[in-house]
Amino acid sequence: MPEGHTLHKAARKQAPLLVDKVARASSPQGRFLEAAQLDRARVVSIEAVGKHLFYAFERRGITRWLHVHLGLAGRFTYHPTTRTPAPAPLPSVRLRLAAEGTTLDLRGPLICELVTVERAAEIRDGLGPDPIRSRSVATKFAARVAHSKVPIGALIMDQRVLAGVGNVYRAELLYLARIDPRRPSRELTATEVQTLWDLARQLLRAGVTDGRIVTTKYGDVAPLHAKQRTYAYKQTVCARCRGLIWNVKLGGRPCFYCPTCQT
DNA sequence: GCAAAATGTCAAG
DNA sequence: TTGACCTTTTGCA
């Protein structure tokens with residue numbers, strides 16, 4: 001599930017449910033002992049940056065920051081409680097936040113921790129531009145690409161370079177931009193880099209709206225069948241040339257691409 | 001019933 | 001580069 005769009009979607013869903021409300025916080029699983037420090041605090045803000053979520057809580061004039069990263073297995077579950085009480089939490093619930101009208105469960109996150117405001121800023125500063133955030137610009141991304149000899153397929157998954165892109169979006173961006181993932185980043189033209197950025201904005205933002213990654217709705221290539229959601233990721237046949245999709249390990253994970261169309 | 005995989009990341013070697 | 005971590009889901013016996 002979780003590339004950048006998932007976290008932005010979660011932030012947008014959770015904010016109206018929780019912000020300005022006082023929440024009961026607990027860790028049924030017992031692995032997030034600091035939950036007690038959030039109990040009965042008011043939720044001030046919920047914000048996504050790349051694949052990271054930041055929550056501000058306030059209690060008795062003191063602000064505390066919660067940092068969440070879903071990793072590979074993390075999930076949120078929402079329980080509306082206007083009509084019926086929330087069910088007992090599953091044993092794996094790391095954090096339960098219960099506010100008026102909603103109970104939110106977090107299971108299996110890579111990170112769920114309290115951080116200082118300085119540490120929160122440090123984490124954000126370590127991330128590259130997030131194409132879903134409106135104030136992000138291509139400049140920083142372009143500069144990193146221009147100076148790196150790392151293959152572009154590895155570079156765009158580097159969260160310090162481009163925040164929010166994961167293994168699915170990487171394959172889809174490079175497929176639609178027709179760029180071979182093995183090419184050294186600094187050999188890309190300025191136009192190609194701009195195209196990658198524009199596609200990242202378009203596809204990740206669409207992902208927030210759709211709630212999942214469906215790139216075949218937005219590409220300039222007709223998919224092979226109605227149910228096809230990605231062009232390259234986990235595909236075997238290229239919708240453009242009908243040749244075989246290959247994959248090569250880049251950045252430690254398989255990168256799917258068409259050796260004919262991506263040059 | 002168990003193993004493997006998954007859209008992620010980090011520490012160890 | 002590999003293995004470990006987290007949890008759920010899927011596939012194979």
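In helix H6 of the predicted model, the buried residues are Asn 167, Val 168, Tyr 169, Arg 170, Ala 171, Glu 172, Leu 173, Leu 174, Tyr 175 and Leu 176. Buried denotes under 20% relative accessible area, exposed over 50%, and partly exposed the range in between (1.4 Å probe, protein chains only). Helices (H or I, at least four residues) and strands (E, at least two) are DSSP runs, numbered from the N terminus. Because ten of the ten residues of H6 (residues 167-176) are buried, this helix is largely enclosed by the rest of the structure. The cover over its buried residues includes helix H1 (4-18), helix H5 (152-155) and helix H7 (190-210), together with strand S9 (246-250) and strand S10 (253-257). After H6 comes Arg 178, with a positive phi near 60 degrees.

Residues are numbered from 1 along each chain as its sequence is written, and chains are lettered from A and ligands numbered from 1 in the order in which they are written. Because the model is predicted, local features need pLDDT of at least 70 and side-chain atom pairs count only at pLDDT 80 or more, while totals for chains, interfaces and linings use all residues; side-chain values use heavy atoms, with hydrogens and water left out.

The predictor's confidence in each residue is expressed as pLDDT, from 0 to 100. Chain A has a mean pLDDT of 95, and 100% of its residues reach 70 or more. Confidence in chain A is highest in strand S2 (residues 41-49), at a mean of 98, and lowest in S9, at 92.

Seven helices and ten strands form the secondary structure of chain A. The C-alpha trace of chain A spans about 60 × 40 × 30 Å along its principal axes. Of the 263 residues in chain A, 49% are buried. Contact is defined as heavy atoms within 4.5 Å. Among contacts in chain A between residues at least 6 apart in sequence, those joining residues at least 24 apart make up 59%.

The accessible surface of chain A is about 13,000 Å², and 53% of this surface belongs to carbon and sulfur atoms. Accessible areas come from the Shrake-Rupley method with a 1.4 Å probe; for residues, only the protein chains shown count as cover.

Strand S10, which is part of the cover of H6, contains Cys 255. Cys 255 has a relative accessible area of 1% and is therefore buried. Residues up to four places away in sequence not being counted, Cys 255 touches Arg 170, Pro 181, Trp 246, Asn 247, Val 248 and Leu 250. Between Cys 255 and Val 208, 47 residues apart in sequence, the C-alpha to C-alpha distance is 23 Å.

Helix H1, also part of the cover of H6, contains Leu 7. The relative accessibility of Leu 7 is 1%, so this residue counts as buried. Neighbours within four places in sequence aside, Leu 7 is in contact with Pro 2, Ala 48, Gly 50, Lys 51, His 52, Leu 53 and Leu 70. Leu 7 and Gly 211 are 204 residues apart along the chain, and their C-alpha atoms are separated by 10.0 Å.

In the loop between H1 and S1 lies Asp 20. Asp 20 is not a glycine, yet its phi is positive, at about 75 degrees. With 57% relative accessibility, Asp 20 counts as exposed. Lys 234, in the loop between H7 and S9, likewise has a positive phi, near 60 degrees, in a residue other than glycine. Lys 234 counts as exposed, at 60% relative accessibility. Most residues other than glycine have a negative phi.

Val 22 is located in strand S1 (residues 22-26). This residue is partly exposed, its relative accessible area being 49%. Val 22 and Ala 41, 19 residues apart in sequence, are 5.4 Å apart in space, C-alpha to C-alpha. Beyond its neighbours within four places in sequence, Val 22 is in contact with Arg 40, Ala 41, Arg 42, Ala 98 and Ala 99.
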